[in-house]
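Here are my notes on this one, written as numbered points. Have the viewer open while you go through them.

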Amino acid sequence: LFTSASATPAPGDWGGVLLADGTDETLTVMEHCRLEYGGAVYLASQRGNLVIKATNPTLRNLTLQYSSTDGLVTSNASVTLTDLTSTNNGWSGLSIDAAGGGTLQLSRLTLTNNSSYGLSGGATGTLTDSTVSQNGSAGLLLRGTWTLTSVTSTQNAADGLSGFGTWTLTTVTLDQNGGAGIKTIAASSFS
């Protein structure tokens, strides 16, 4: 458990965990961890309960909640992430730095009740067996090349899936969102 030291914790009580370039990827495993009440912004790119920059740790079975900013931020990282719940964060559940690139393999994510997007950002990635619901903006805001398989984006305040790029969609449910099911905001292709 990574949490606030306060007797009455609040989002932003501490900065969060930063895994950056120089982290020994062969030794860095976060598994069965809960990170909460972080997100104090020290630098523009360091905001969230968990920030991963230019490293590729192993991440499994994480819960990220009650951040004043994002639950998880990646930048220039190729991340494999399995079994993540990111909920009740002040910004997005998962934010991917579009300029940073990286390849993401995301499986069994639950991104709910975040004030902004469930998942936001640009990269190359796959998202499988995941649920994105009841977020304050679009469920998924994607830029880049993405493959989505068995994904449900429902009851988000704006679009179910928004953005631009090349998307391959298989068994994707976009239902009961406040905006469009799919909204492209630039030249895009999808199948």
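1. Strands here are DSSP runs of E with at least two residues, helices are runs of H or I with at least four, and both are numbered from the N terminus. Ser-95 has 9% relative accessibility and counts as buried; buried means under 20% relative accessible area, exposed over 50%, and partly exposed in between, with a 1.4 Å probe and protein chains only. Leaving out residues up to four places away in sequence, Ser-95 touches Arg-47, Asp-70, Leu-72, Val-73, Thr-74 and Ser-120, where contact means heavy atoms within 4.5 Å.

2. Before going further, some ground rules. This is a predicted model, so local features need pLDDT of at least 70 and side-chain atom pairs count only at pLDDT 80 or more, while totals for chains, interfaces and linings use all residues. Residues are numbered from 1 along each chain as its sequence is written, and side-chain values use heavy atoms, with hydrogens and water left out.

3. On the overall fold, the chain has 13 strands and zero helices. Its radius of gyration is 15 Å, close to the 16 Å that the globule rule gives for 191 residues, so the chain is as compact as a globular protein of that length. (That radius is taken over C-alpha atoms, and the rule is 2.2 Å times the number of residues to the power 0.38.) The C-alpha trace spans about 45 × 35 × 30 Å along its principal axes, and 47% of the 191 residues count as buried. Of the contacts between residues at least 6 apart in sequence, 36% join residues at least 24 apart.

4. Now the inside. The largest nonpolar core has 35 residues, and Leu-50, Leu-106, Leu-119, Leu-140 and Trp-146 touch the most other members. A core here is a set of buried Ala, Val, Leu, Ile, Met, Phe, Trp, Tyr and Cys residues joined through side-chain atoms within 4.5 Å. Strand β10 (residues 140-154) gives the most to this core, with five residues. Neighbours within four places aside, the contacts of Leu-50 include Val-17, Met-30, Leu-59 and Val-73.

5. Which residues does Thr-69 touch? Not counting residues up to four places away, they are Gly-39, Val-41, Arg-47, Gly-48, Asn-89, Gly-90, Trp-91 and Ser-92. Thr-69 is in the loop between β4 and β5 and is buried, at 3% relative accessible area. A polar atom of its side chain lies 3.2 Å from the backbone oxygen of Gly-39.

6. For aromatics, rings of Phe, Tyr and Trp (its six-membered ring) pair if their centres lie within 6.5 Å; planes under 30 degrees apart count as stacked, over 60 as edge-to-face and the rest as tilted. That gives one aromatic pair. The rings of Tyr-37 and Tyr-66 have centres 5.2 Å apart and planes at 15°, so the pair is stacked. Tyr-37 is buried at 16% relative accessible area, whereas Tyr-66 is partly exposed at 30%.

7. Last, two backbone angles to look at. Most residues other than glycine have a negative phi. Asp-83, in strand β6 (residues 79-87), has a positive phi of about 60° and is partly exposed at 25% relative accessible area. Thr-171, in strand β11 (residues 161-175), has a positive phi near 50° and counts as exposed at 58% relative accessibility.

Notes: Polar contact = N/O pair within 3.5 Å; in protein donor to acceptor, adjacent residues only side chain to side chain.
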